[in-house]
Amino acid sequence: QLLRPEKEFLRAVHRLDTATSGLLILALRPEVLRKLQSAFAKRQIEKHYTASVAPPPDKARGCIELPLFGDPVERPRQRVDLVHGSAARTHWRLLGKTELG
């Protein structure tokens, strides 16, 4: 069942990471829609993620810089593409370690 608030103006701004959270950002006013769309287009929006990784990395923090391109076969997945990819930077840090198993 879909829920839609009774609002005069309600527009989708951006859909974050369809394959993971599928979180949808909505604007309730036209001026907010324009500002958010502009911020996404200018890459002014930061996204933060938490992941469980096994085995844990050897370092406490790092940065991955590789060009990403939409995988035409497995949408919406991204893949590293040195020719057609767009610049992408991921800063990561280890939050903690747990013993598995």
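Analyst: Along the sequence the elements come in the order β-β-α-β-β-β-β. The protein thus has one helix and six strands, and the model is a predicted one.

User: Why is Arg 43 called exposed?

Analyst: Exposed means over 50% relative accessible area. Arg 43 has 67% relative accessibility, so Arg 43 counts as exposed.

User: Where is Arg 43 placed, and what is its phi?

Analyst: Arg 43 lies in the loop between H1 and E3. Its phi is positive, about 55 degrees, although Arg 43 is not a glycine. Most residues other than glycine have a negative phi.

User: What makes the peptide bond from Ala 54 to Pro 55 cis or trans?

Analyst: The omega of this bond is near -5 degrees, and the bond is cis. Most peptide bonds are trans. Pro 55 is also in the loop between helix H1 (30-41) and strand E3 (61-65).

User: How many of the residues in the protein are buried, as a percentage?

Analyst: Buried residues are 13% of the 101 residues. To be counted there, a residue must have under 20% relative accessible area.

User: What is the accessible surface of the protein, and which share belongs to carbon and sulfur atoms?

Analyst: The accessible surface is about 9300 Å², and 53% of that belongs to carbon and sulfur atoms.

User: Which share of the contacts joins residues at least 24 apart?

Analyst: A contact requires heavy atoms within 4.5 Å. Taking the contacts between residues at least 6 apart in sequence, 35% join residues at least 24 apart.

Note on methods
Residues numbered from 1 in each chain as written. Predicted model: local features only at pLDDT ≥ 70, side-chain atom pairs only at ≥ 80, totals over all residues. Heavy atoms only, no water. Helix = DSSP H or I, 4+ residues; strand = E, 2+ residues; numbered from the N terminus. Buried < 20%, exposed > 50% of the residue type's maximum accessible area, 1.4 Å probe, protein only. Areas by Shrake-Rupley, 256 points an atom, 1.4 Å probe, with all protein chains shown as cover.
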